[in-house]
Amino acid sequence: LVSEVSAFRRDLDAFLSALALERGLSARTVAAYRGDLERFGAALARHGGDPSAASPAELAAYLRQLRTRGLSPRSANRALAALRGFFAFLVATGRRADDPAVSLVAQRTLRHLPRVLSEAEVEALLAAPDPASPAGLRDRAMLEVLYATGLRVSELVGLRLSELQLDRGFLLVIGKGDKERPVPLGDEAERWLRRYLAEGRPHLARGRHDRVFVNRRGGPLSRQGVWKILRNHGVTAGVAALHPHALRHSFATHLLEHGADLRAVQAMLGHADIATTEIYTHVHRERLQRLYDRFHPRA
């Protein structure tokens with residue numbers, strides 16, 4: 001057993017050196033790999049196994065053990081990545097003829113999104129600002145635009161008057177990586193935006209700059225300012241636990257629920273990778289499942 005542990009230690013040190021020297025991984029990443037593989041080695045050694053000679057069944061049993069101990073899917077998948085890298089290294093360097101980790105499957109992990117608002121909650125939130133004042137008119141237009149376009153908060157506060165193409169029914173938005181994309185606006189959001197520009201913004205901005213949404217002092221509205229406005233109107237509307245991107249997430253989910261094409265939603269959200277947009281299909285399916293479980297008589 002001592003010789004097997006020593007052999008594993010030599011293999012582990014060689015693998016970690018290769019990670020640092022050949023692949024140029026950071027010291028923090030190498031340390032994380034070391035910790036995962038040392039725990040694996042200790043677990044197998046306790047049962048008399050040789051970690052470097054582990055079988056596919058032993059690897060699968062070890063990963064099941066991690067999951068039954070309550071390890072998160074993210075952490076379990078990191079341990080799996082360490083095992084895959086380690087045994088691929090052993091095969092590549094001739095220390096082993098076969099790779100026992102090649103058929104192991106990672107746990108499925110989903111990004112956790114903030115709660116998606118129901119359509120009734122969105123309506124209540126949009127109706128919360130009082131448009132009788134310039135600031136209230138700004139808030140109504142801002143919330144309408146967020147829900148109609150799915151803009152990021154950073155994109156909203158950076159929106160300039162020159163980027164409004166209201167006669168053509170869309171906005172030109174500068175997103176991540178300074179990429180410009182056209183985003184449809186919608187009649188209701190356009191109506192409130194036009195009213196804000198005519199009746200509200202002149203009282204707030206006083207012509208000092210070209211940002212569309214401004215604060216009470218006339219300067220550009222900040223992301224923190226948008227979050228405070230959203231939270232306050234959420235309290236008025238009875239919509240709790242709002243996230244700054246609550247309307248963006250609701251925009252995407254509601255579009256898919258009403259039959260929108262995933263690629264079109266991707267373009268409107270400004271996602272470079274459709275995999276980022278696909279999270280909303282999971283949210284959509286989960287909502288459908290909850291509705292089914294709640295209302296189907298044989299669910």
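Trainee: Let's start with the hairpin of β1 and β2: which residue takes a positive phi there?

Mentor: That is G169, with a positive phi near 80 degrees, in a hairpin that has four residues between the strands. Before we go on, this is a predicted model: local features need pLDDT of at least 70, side-chain atom pairs count only at pLDDT 80 or more, and totals for chains, interfaces and linings use all residues. Residues are numbered from 1 along each chain as its sequence is written, and side-chain values use heavy atoms, leaving out hydrogens and water. Helices (H or I, at least four residues) and strands (E, at least two) are DSSP runs, numbered from the N terminus.

Trainee: And which residue takes a positive phi in the hairpin of β2 and β3?

Mentor: There it is G177, near 70 degrees, and five residues lie between the strands.

Trainee: How do I read the sheet, and what is the order of its strands?

Mentor: In general, strands of a sheet pair through backbone hydrogen bonds, either parallel or antiparallel. Two strands count as paired if DSSP finds at least two bridges between them. Here, three strands form an open sheet in the order β1-β2-β3, with antiparallel pairing. β1 (164-165) and β3 (180-184) are at the edges with a single partner strand each, so one side of each has no neighbour in the sheet.

Trainee: How many bridges join β2 to β3?

Mentor: Five bridges link β2 (residues 170-174) to β3, and L171 has V183 in β3 as its bridge partner. β1 and β2 pair over two bridges, with Q165 opposite F170 in β2. β2 is also mostly covered, since four of its five residues are buried (under 20% relative accessible area; exposed is over 50%, partly exposed in between, with a 1.4 Å probe and protein chains only).

Trainee: Now the helices: at what angle do the axes of α5 and α6 cross?

Mentor: Two packed helices are described by the angle and the distance between their axes. The axes of α5 (residues 119-126) and α6 (residues 134-149) cross at roughly 155 degrees and come within 9 Å. α5 and α6 are therefore roughly antiparallel (over 145 degrees).

Trainee: Which residues of α5 and α6 meet?

Mentor: V122, L125 and L126 in α5 meet R140, L143, E144 and Y147 in α6, where contact means heavy atoms within 4.5 Å. By class, this contact has five nonpolar, no polar and two charged residues.

Methods. Axes fitted to C-alpha atoms, helices over the stretch in contact; angles between N-to-C directions. Parallel < 35°, antiparallel > 145°, perpendicular 65-115°, else oblique. Nonpolar A, V, L, I, M, F, W, Y, C, P; charged D, E, K, R; others polar.
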